[in-house]
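User: Hi! I am new to reading protein structures. Could you walk me through one, feature by feature?

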Amino acid sequence: MLTEDQNFSILLSSIFIILKLFLLHCYAVTYNITSSNPLSQNEILISPAQVFELGFFRPDNSTNQYVGIWYKNIAPRTVVWVANRENPVIDSLASLKIGSDGNLKLVDGNEVILWSNNVSVQSNSSVAVLSDNGNFVLQDGLSGQQLWQSFEHPVNTLLPGAGFGYDLERGERRVLSSWKSNSDPSRGDFVIEIVPRSPPQAFIWNGSMPYWRSGEWNKILFIGLPGMVSTYSSTFSLIQNIEQGSTYFYLNLNTTDRVANMVISSEGYLKMMIWGRDTGWYSKATGPNNTCEVYGTCGPFGICKISKFPVCSCLEGFVPKSDEEWNKNNWTGGCVRRTELSCLAWTNLEASQGEETDKFWKMNGIKLPDKSKYQEVNDVNECGQWCLNNSLQADAPIQTEVFRLNRSIFRWYRPPGTIPAD
């Protein structure tokens, strides 16, 4: 039996714990940051319709603090943007404020700047607000002119309305970069970007090495991204300005009641995440989705089919470059031609009497190889003639000429036997 004093002590302890938990989750709410109204660690900046919040947070299993943006009504907390990802807050007196130069500044208790947006501002009448789409905006308090926005500085997450890509004229390169881990939002090993090619492709890089690619943009979707099917094609858009040399990929939503984002994980996976009241977060499109989608798994002229074992094989007319390596399931060396092309000696599709003619091999349902070329043609014959004419140029390596016709892939090579024409 507990004594009366013991019961009273337990009651006081319980009240103290409840009060402590209440205080930990009790924040003052504000709707803007100004030079006279900085954001302290016990305050939350909230969007007008209370969709997003911005404030100080600690990642799981971390004592460091960061300034970030997250969904207000989704638990557990899902952070979509971090300001000071490389310089965490380690004291209790830090604040996010408008400096005398009109810029946003995150400072610690000693006024040491941990992060700033660093833009040219004409006055110190700046105001920072959080939009209902998750965009953190610095604007002129008098004219309303937008001076800076977080949508142009994404971290690992792409929100609807935001984009990533490049602008060669302005020298801008906007990428998504992974967190180092779930407890460390500093820049990790993986980066996804749109590379300046035509047609455009998205690449995930592991450090300086290519790790995954989306396949070409076919004016509706990236052909190599599983789950990016026609049902969701209106969710994505790619905007190009050829004269300016800019290309940006955007995530859009058709309805206001659908919560979604695109994120690159610390393990290098690109995921389109959708929130459901009953399911929580679930992934709709991922890349890489399996071994075959990892860049260069089967090497040059190799083809990867996840439904087969081993997953790698050589294209028709090719053999492994190293049987020893292939027997060890190391296919990165790829394949080489079994027989040279006869078009190296001929100047048209007509073969010498008694000789075989080089032909095309049609392959469906595969991703075009990297650095492939796209050419508008009317039929198979025109495709073949165009391919032959360009392959015979001295500066056009015949082994890398790949073309697409009506979503089919054609490769020019000399087969070991006769291939029936389609």
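Analyst: Happy to; we will go through the fold, the salt bridges, the cavities and a pocket. This is a predicted model, in which local features need pLDDT of at least 70, side-chain atom pairs count only at pLDDT 80 or more, and totals for chains, interfaces and linings use all residues. Residues are numbered from 1 along each chain as its sequence is written, and side-chain values use heavy atoms, with hydrogens and water left out.

User: How many helices and strands does the chain have?

Analyst: Helices (H or I, at least four residues) and strands (E, at least two) are DSSP runs, numbered from the N terminus. Here the chain has 3 helices and 31 strands.

User: And what share of the residues is buried?

Analyst: With a 1.4 Å probe and protein chains only, a residue is buried under 20% relative accessible area, exposed over 50%, and partly exposed in between. In this chain of 422 residues, 45% count as buried. The accessible surface, from the Shrake-Rupley method with a 1.4 Å probe, is about 22700 Å², and 50% of that belongs to carbon and sulfur atoms.

User: Now salt bridges, please. How many are there?

Analyst: A salt bridge is a side-chain nitrogen of Lys or Arg within 4 Å of a carboxyl oxygen of Asp or Glu. By this rule there are 7 salt bridges. One of them joins Lys-105 and Asp-101, at 3.3 Å from N to O.

User: Which residues are linked in a network of salt bridges?

Analyst: Look at Asp-167, Arg-170, Glu-172 and Arg-174, which are linked in such a network. Within it, the side chains of Glu-172 and Arg-170 meet at 3.2 Å, N to O, and Arg-170 is exposed, with a relative accessible area of 56%.

User: What is a cavity, and how does it differ from a pocket?

Analyst: Picture a 1 Å grid over the protein atoms alone: a cavity is a set of points where a 1.4 Å probe fits but cannot get out, while a pocket is an open set with protein on both sides within 12 Å along at least five of seven lines. Lining residues have an atom within 4 Å of a point. Grid points are joined across faces, edges and corners, and a volume is the space filled by probe spheres set on the points.

User: What lines the largest cavity?

Analyst: Its lining includes Val-80, Trp-81, Phe-151 and Leu-158. β6 (79-82) and β13 (157-158) each supply at least two of the lining residues. For classes, Ala, Val, Leu, Ile, Met, Phe, Trp, Tyr, Cys and Pro count as nonpolar, Asp, Glu, Lys and Arg as charged, and the others, Gly among them, as polar.

User: What about the second largest pocket?

Analyst: The second largest pocket has a volume of about 780 Å³. Of its 23 lining residues, the closest to the centre are Arg-77, Thr-78, Val-79, Trp-179 and Asn-182. Its lining divides into 10 nonpolar, 8 polar and 5 charged residues.
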